[in-house]
Amino acid sequence: GEEHEAQGGGADGATANSSGEKKTRQSVGICDTRRQTNLEIMLRQFETDAAGVALAVYRLDPVRRVLSDENVQALLEAKLNDEEMNAAREYYAAQLAAMGEEEEKNEDEQAEDDKQKKGAEESSLKTAGAAEARRKERLQERLLEQLLPAEALVVFASNVPRWASKLAAMVTLRGFAEARGEIDRGVLTVRGACADVMNSSKLELVLGAVLSVGNYLNAGTRKGAASGFKLDALLKLTDTRTRDRKMTLLHYVLQMLERKAPGEVRDFREQLPGIFSASKVVRDELAAELAALTTAVAVVGRELTMLLKEAGMTPRSLARSGS
């Protein structure tokens with residue numbers, strides 16, 4: 001209600017107070033004019049105010065109740081810098097201290113009145129912690145009403161521990177299934193191709209013939225009785241040619257196989273349906289994607305652990321409460 005109304009008036013720097021009078025918001029110097037404009041354009045895509053954005057980021061919003069994927073990506077790309085965040089923290093601390101002094105003065109005056117009317121025995125039962133929490137709630141309402149939306153965002157963001165880390169964790173949480181799916185597909189494609197190679201009887205015949213021809217050509221040398229060869233040797237089969245240059249060693253191997261096992265090796269690629277898809281998978285890229293996802297998941301783990309710690313809980317106590 002009121003918070004969303006206050007945020008909605010931020011584009012033109014004005015908001016209405018409870019009496020309906022229009023009140024112009026003023027910059028407090030946290031962001032320059034261009035930065036304010038860019039952030040306010042971004043905030044128009046959000047369905048909550050600056051305080052709601054900050055709270056959602058603090059809680060990581062894992063089921064997208066408050067922030068869309070586009071919202072999170074926009075916040076990440078906004079890159080609130082240290083200078084802005086430090087200025088916002090100082091401003092917030094000063095405002096909170098001023099409000100505290102104002103309330104203490106009011107409480108002292110109220111206590112004097114109570115003492116005169118009812119006696120000193122009716123002292124307040126409210127704890128300092130509760131008073132601090134209420135003060136922050138009131139300050140939040142005041143800041144949403146008085147600050148420009150862009151600077152309100154920075155102020156509330158500055159009170160979220162590890163803001164950038166939390167945004168990165170949110171991106172990982174939301175994109176984990178897709179990222180893992182891509183990695184799994186790459187791995188399964190390669191594993192399937194490996195199985196095709198291992199189980200292909202026709203490929204076995206071809207490789208055996210290549211080995212036999214190689215041993216024949218290398219007879220009398222230390223390479224003449226090899227029990228195997230490196231796969232890159234297959235690439236050299238077209239390098240060795242007859243004197244007239246019309247026939248390669250590969251042609252000879254295939255002709256030999258056709259004579260000894262007619263039709264056996266024709267269309268042997270049919271036994272290797274997965275190798276063409278697997279050839280498009282770059283091992284180094286797949287390894288890099290897996291390493292990046294592993295690192296990102298570790299960040300999520302740290303953020304969840306810190307979130308539980310800040311709430312006075314541990315993974316073990318959370319498990320017990322859920323059982």
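This is a predicted model: local features need pLDDT of at least 70, side-chain atom pairs count only at pLDDT 80 or more; totals for chains, interfaces and linings use all residues.

Trainee: Okay. Which residue caps the N-terminal end of α3?

Mentor: D49 does. One of its side-chain oxygens lies 3.2 Å from the backbone nitrogen of A51.

Trainee: And what follows α3?

Mentor: L60 follows α3. Its phi is positive, near 70°.

Trainee: How many residues of α3 are buried?

Mentor: Seven of its 10 residues, so the helix counts as mostly covered, with buried meaning under 20% relative accessible area. The buried ones are A50, A51, G52, V53, A54, A56 and V57.

Trainee: Switching to the core. How many residues does the largest nonpolar core have?

Mentor: It has 42. L67, L75 and W163 have the most contacts inside it. α2, α3, α4, α5, α6, α7, α8 and α12 each supply at least two residues. The largest share comes from α7, with seven residues.

Trainee: Why would such side chains gather like that?

Mentor: In soluble globular proteins, nonpolar side chains tend to be buried together.

Trainee: What does L67 touch, sequence neighbours within four places aside?

Mentor: L67 is in contact with F46, V53, A56, V57, D61, V72, L75, M170 and R174.

Trainee: Next, helix packing. At what angle do α4 and α8 pack?

Mentor: About 145°, with their axes 10 Å apart. The crossing is left-handed.

Trainee: Which residues make that contact?

Mentor: From α4: D69, V72, Q73, L75 and L76. From α8: W163, A164, L167, A168, M170, V171 and R174. By class, that gives nine nonpolar, one polar and two charged residues.

Trainee: Buried or exposed?

Mentor: A169 is buried, because its relative accessible area is 0%, and the cut-off for buried is under 20%.

Trainee: What is A169 in contact with, again leaving out neighbours within four places?

Mentor: L60, V299, V300 and E303. That L60 is the residue that follows α3. A169 also has a C-alpha atom separated by 9.1 Å from that of L304, though the two residues are 135 residues apart along the chain.

Definitions and conventions
Residues are numbered from 1 along each chain as its sequence is written. Side-chain values use heavy atoms; hydrogens and water are left out. A nonpolar core is a set of buried Ala, Val, Leu, Ile, Met, Phe, Trp, Tyr and Cys residues joined through side-chain atoms within 4.5 Å. Buried means under 20% relative accessible area, exposed over 50%, partly exposed in between (1.4 Å probe, protein chains only). Helices (H or I, at least four residues) and strands (E, at least two) are DSSP runs, numbered from the N terminus. Contact means heavy atoms within 4.5 Å. Axes are lines fitted to C-alpha atoms, for helices over the stretch in contact, and angles run from 0 to 180 degrees between N-to-C directions. A crossing is left-handed if the near helix is turned anticlockwise from the far one by less than a right angle, and right-handed if clockwise. Ala, Val, Leu, Ile, Met, Phe, Trp, Tyr, Cys and Pro count as nonpolar, Asp, Glu, Lys and Arg as charged, and the others, Gly among them, as polar. A polar contact is a pair of N or O atoms within 3.5 Å; within protein, one must be able to donate a hydrogen and the other to accept it, and residues adjacent in sequence count only if both atoms are side-chain atoms.
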